[in-house]
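Welcome, and thank you for taking a look at this protein.

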Amino acid sequence: MQTLLDYLYLPEVWGSLAVVLAAIAGFFGFRNFRSEEDKTDELTSSQSPASSEEAEILAHEPEAGEDETKPLGAPTLDQFEKPEAVASRMTRLRARLARSGALGQALLGMLSKDQLNAADWEEIEETLLSADLGLAATDQIMEALRTELQVNGKADEATIKAVLKRELLQLVEIDQPRELNLDGGQDENGQKLPAAVLVVGVNGVGKTTSVGKIARILVAEGDQVILGAADTFRAAAADQLQTWGERVGVEVVRSDREGADPAAVAFDAVKAGVEHQADVVLVDTAGRLHNKSSLMDELGKIRRVMERGAKVTETLLVLDATTGQNGMAQAKVFAQVTNVTGIVLTKLDGSAKGGIVVSVQRELGVPVKLVGLGEGADDMAPFDPEAFVDAILA
Ligand SMILES: Nc1nc2c(ncn2[C@@H]2O[C@H](COP(=O)(O)OP(=O)(O)OP(=O)(O)O)[C@@H](O)[C@H]2O)c(=O)[nH]1
């Protein structure tokens, strides 16, 4: 006769227990996916891959009966944080943006003098340049101010503000939508497909944090989101992303292996998004700048394998507002190697470099879509040109 102890050693018992636990976790809608790359080498695919590397990733299917999910307990829905709604964060964060209003105050102080001499104009130019507006935009504003003061002699504060606002708004304007394109379309059977969003940028600019924050914005808007931790260069990045996901009940696809193929993780994330009929799959990348061609290869491959599962509707470039022209040079490399569709400008809180919005859009020809305004989880908002200009002139 079997004792209770014998019974506990039976593998079927543990197998059944695992299935029950997985089912419970699945029921609560919270699962942590390990990339299939970690698990199997057995492959089948009817699609024709573009390269042998891609073939490996595409052919990567779990073995029959294998469950690649790793349930992390079963949190109930009310254990998840409720991210702040977009409208309320805009009001709250406006004040943060105003901290970068040093530009408006400095200019108004100088321009309200009775007689402006050459040294004053030089100082005005210097102030505009130090806000990272760039040469061309600075020239345009200088021209408009000179014209105003020549025509009307001394201008009052309200007039100067109006001229600055008009010019800045014109400079910030860009003939492209600022909203994220999150229309993934449908497959040939009419089943909804997720929008795949690739997030790129130099390390340390706030990429992983931004992916977490964007996920929260989307969750607040009612979207079902899946995150892909394709920054496999730094193991902590996947842990960091997982924490962001866990806080709001968002699934995170990751690899447990440091240095795993980022394209495999990105592929699995999109695959999970399709299977779970998610609205958006957000993929974080490492994007180390070893050299231009390896970066191009890596991002190109990630993008191609993502496209096999769903449409990459956005490639967002994350840029640190405090890094100025140096950051811009690096951003340009990314824009050259991948088709960037929007900028996420981080660390705009407290930075006197608000002018970077103008220069980055001019240099890269893509709109700033989101701005990071602090280290808090909901300190990110869609970019609003008028609120931005008002704030820097406050
Ligand atoms: N003040 C402020 N800090 C920010 C903002 N966005 C990100 N950070 C901080 O920037 C630091 C770097 O952020 P990460 O998300 O780890 O940067 P990363 O680009 O993913 O870095 P790698 O993974 O090394 O490539 C963190 O301390 C963030 O809290 C922001 O909008 N404002």
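This is a predicted model: local features need pLDDT of at least 70, side-chain atom pairs count only at pLDDT 80 or more; totals for chains, interfaces and linings use all residues.

Two strands pair if DSSP finds at least two bridges between them. Helices (H or I, at least four residues) and strands (E, at least two) are DSSP runs, numbered from the N terminus. Residue numbers start from 1 along each chain, as its sequence is written.

**The whole protein**

- The protein has 15 helices and nine strands.
- Of its 394 residues, 43% count as buried; a residue is buried if 20 or more other C-beta atoms lie within 10 Å of its own, exposed if 12 or fewer, and partly exposed in between, with C-beta atoms placed from the backbone.
- Among contacts with a separation of 6 or more, 77% are between residues 24 or more positions apart; two residues are in contact if their C-beta atoms, placed from the backbone, lie within 7 Å.

**Around the ligand**

- The ligand is surrounded by 18 residues, and the closest are Asn203, Gly206, Lys207, Thr209 and Gly372; a residue is near a molecule if its C-beta atom, placed from the backbone, lies within 6 Å of it.
- Helix H9 (residues 207-220) gives the most to this shell, with three residues.
- The shell holds three nonpolar, eight polar and seven charged residues. Here Ala, Val, Leu, Ile, Met, Phe, Trp, Tyr, Cys and Pro count as nonpolar, Asp, Glu, Lys and Arg as charged, and the others, Gly among them, as polar.

**A stretch named in UniProt**

- An unreviewed UniProt entry lists residues 367-380 under "domain: SRP54-type proteins GTP-binding". UniProt positions are given in the numbering used here, feature names are shortened, and annotations may be inferred rather than shown by experiment.
- Over residues 367-380 the chain is 0% helix and 43% strand, with its end C-alpha atoms 16 Å apart.

- Strand S2 (residues 195-200) is mostly covered, as six of its six residues are buried. Ala195, Val197 and Val199 point one way, while Ala196, Leu198 and Val200 point the other way.
- S2 runs parallel to strand S5 (residues 280-285), joined by five bridges, and valine 197 stands opposite leucine 282 there.
- Five bridges also join S2 to strand S6 (residues 312-320), again in parallel, with valine 200 opposite leucine 317.
- Strand S3 (residues 225-230) is mostly covered too, with six of its six residues buried. Val225, Leu227 and Ala229 point one way from S3, and Ile226, Gly228 and Ala230 the other way.
- S3 pairs with S5 in the parallel sense over six bridges, and leucine 227 stands opposite leucine 282.
- S3 is also joined to S4 (residues 251-254) by three bridges, and these two strands run parallel.

**Helix H10**

- In helix H10 (residues 235-248), Ala237, Ala238, Leu241, Gln242, Trp244 and Gly245 are buried. Seen down the axis of H10, its buried residues fall within an arc of 160°, so they line one face of the helix; the arc is that of the directions from the helix axis to the C-beta atoms.
- The face turned away from the buried side of H10 carries the exposed residues Ala236 and Thr243.
- Glutamate 246 belongs to H10 and counts as partly exposed because it has 18 C-beta neighbours inside 10 Å.
- The C-alpha atoms of glutamate 246 and phenylalanine 80 are separated by 7.6 Å, although these residues are 166 apart along the chain.
- Just after H10, glycine 249 takes a positive phi of about 70°.

- Most residues other than glycine have a negative phi.
- Aspartate 132, which is not a glycine, has a positive phi of about 70°. Aspartate 132 lies in the loop between helix H6 (118-130) and helix H7 (135-152), and is buried, with 26 other C-beta atoms within 10 Å.
- Glutamine 277, also not a glycine, has a positive phi of about 50°. Glutamine 277 sits in the loop between helix H11 (262-275) and S5, and is exposed, with 11 other C-beta atoms within 10 Å.
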